[in-house]
Amino acid sequence: MIEVSKKCIGCGKCVPVCPFAAVNMIDKLAVINEACTLCGACVQICPLQAIVITREEASHRDHSGFRGVWVYVELTETGDKTHPKKIKPVTFELLSAGRKLADELKEDLCAVLLADKDRGYAKELGAYGADKIYILEHDELFEYNTDIFSTVMVSLVNRHKPSVMLYGATIQGRDLAPRVAAALYVGLTADCTGLAIKDGLLLQSRPAFGGNIMADILSPDSRPQMATVRPNVMKLSEPVHGRTALIVREAAKIDKSLRRVKVLERKMSHGGGGVKIENAKIIVSGGRGMKTKEKFRQLEELSKLLGGVVGASRAAVDLGFKEKAHQVGQSGTTVSPKLYLSFGISGAVQHIVGMKASDVIIAVNRDPNAPIFNVAKYGIVGDAHEIAPRLAEALKKK
Ligand SMILES: Cc1cc2nc3c(=O)[nH]c(=O)nc-3n(C[C@H](O)[C@H](O)[C@H](O)COP(=O)(O)OP(=O)(O)OC[C@H]3O[C@@H](n4cnc5c(N)ncnc54)[C@H](O)[C@@H]3O)c2cc1C
């Protein structure tokens, strides 16, 4: 909580230092509005210590007013001028998981959409289980910006008080969620691989200690309980077309000066940067067992013949066989293709967590005891350099 005491003489020093335009001078007194994120800049500048932030001891907070499971709706560019943005698939995965949490808590599942324009996103959000959609439209929300989006999210949370908030562990979610958590003075569990309800609290599971153990985390003193979840981890539910959600339009006053970063130019990175491994239906992946960059190229051909994308273990990436954008696993991308073909990958736990949700896993390894065989539906014990070209030949004949 932030308060301005009677000591305030209206010197105005606190107004320009506020990065969030949350302080105004009204009748020669500092007045703090809801854009305040408790960053403390005004407290430090005040010569009379007239502005005071009191941080309640977490365990004394009253959580009774916090209700609802919120999912942040992430939009992605389509490259099409008529429909420039579409909803990122991770949003639907979060709604699918959020639906179960909301049912268990007997609370609403809400989608939160920040966009320059509502382009009819509600149908899809409703089909994947949202009961309510908070929509905030503003020109300043066309492109993701940390300062603007986090300020808007904080003010929405302060207004509606959700009990749970979920974000995709994407580049955007990983930027936004910690900002919001810090501003609200609550915790955040990053990269969850499991979510459930335990005694009315969000049970957040995630790998810890390099993936060697699974940690179960509860946040009894934080509201909202916040988590990020990697794409392709939560099972997508079947959409119920025609299922509608209540739309709540929120008004937004956004101060442009909040934007500290201006995008001057965009350049697409080539050489791996454009690869969309997380959405691939077929992945042909290679590891250290492929031995050299040249030999690794056998997998490129196979992947082309299958209409797939090439993946790699971290060892293969570290050895320079493939770019980082292709890395599957804990510190790479989590994937769930229909078919995952692995060549010369041992099956370390950090690799397995990133691909075990694949529908069918076929592993090729010359060591019959390689752990990859524990998750593979079909295993071939043999030399990857013999088997990959033979498979390619067979496919060419077909
Ligand atoms: C914090 C942390 C995060 C990590 N994140 C990731 C991650 O995101 N992704 C990831 O993959 N790893 C990750 N790792 C690394 C992980 O622990 C392993 O080191 C890595 O996955 C091993 O890669 P690999 O299976 O290609 O190599 P190795 O473990 O060296 O396995 C090579 C395999 O190839 C087989 N082989 C050799 N020659 C042939 C042949 N001719 N034909 C067939 N098989 C052959 C061998 O029998 C062996 O099983 C992470 C580690 C840490 C600590």
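Strands (E, at least two residues) are DSSP runs, numbered from the N terminus, as are helices (H or I, at least four residues). Two strands pair if DSSP finds at least two bridges between them. The model is predicted: local features need pLDDT of at least 70, side-chain atom pairs count only at pLDDT 80 or more, and totals for chains, interfaces and linings use all residues. Residues are numbered from 1 along each chain as its sequence is written.

**Exercise 1.** Determine which strands β19 is joined to, and in which sense.

*Solution.* Begin with β17 (residues 282-286), which pairs with β19 in the parallel sense over 5 bridges. Here I282 has L339 as its bridge partner. Next, take β20 (residues 360-365): 5 bridges join this strand to β19, and the two run parallel. In this pairing, S342 has A363 as its bridge partner. Finally, consider burial, where a residue is buried if 20 or more other C-beta atoms, placed from the backbone, lie within 10 Å of its own. Strand β19 (residues 339-343) is mostly covered, with 4 of its 5 residues buried.

**Exercise 2.** Describe the shell around the ligand by its elements and by its classes.

*Solution.* First, list the elements: α8 (314-318), α9 (349-352), β20 and α11 (384-397) each supply at least two residues. Of these, α8 gives the most, with 3 residues. Then sort by class, counting Ala, Val, Leu, Ile, Met, Phe, Trp, Tyr, Cys and Pro as nonpolar, Asp, Glu, Lys and Arg as charged, and the others, Gly among them, as polar. The shell has 16 polar, 8 nonpolar and 5 charged residues.

Notes
A residue is buried if 20 or more other C-beta atoms lie within 10 Å of its own, exposed if 12 or fewer, and partly exposed in between; C-beta atoms are placed from the backbone.
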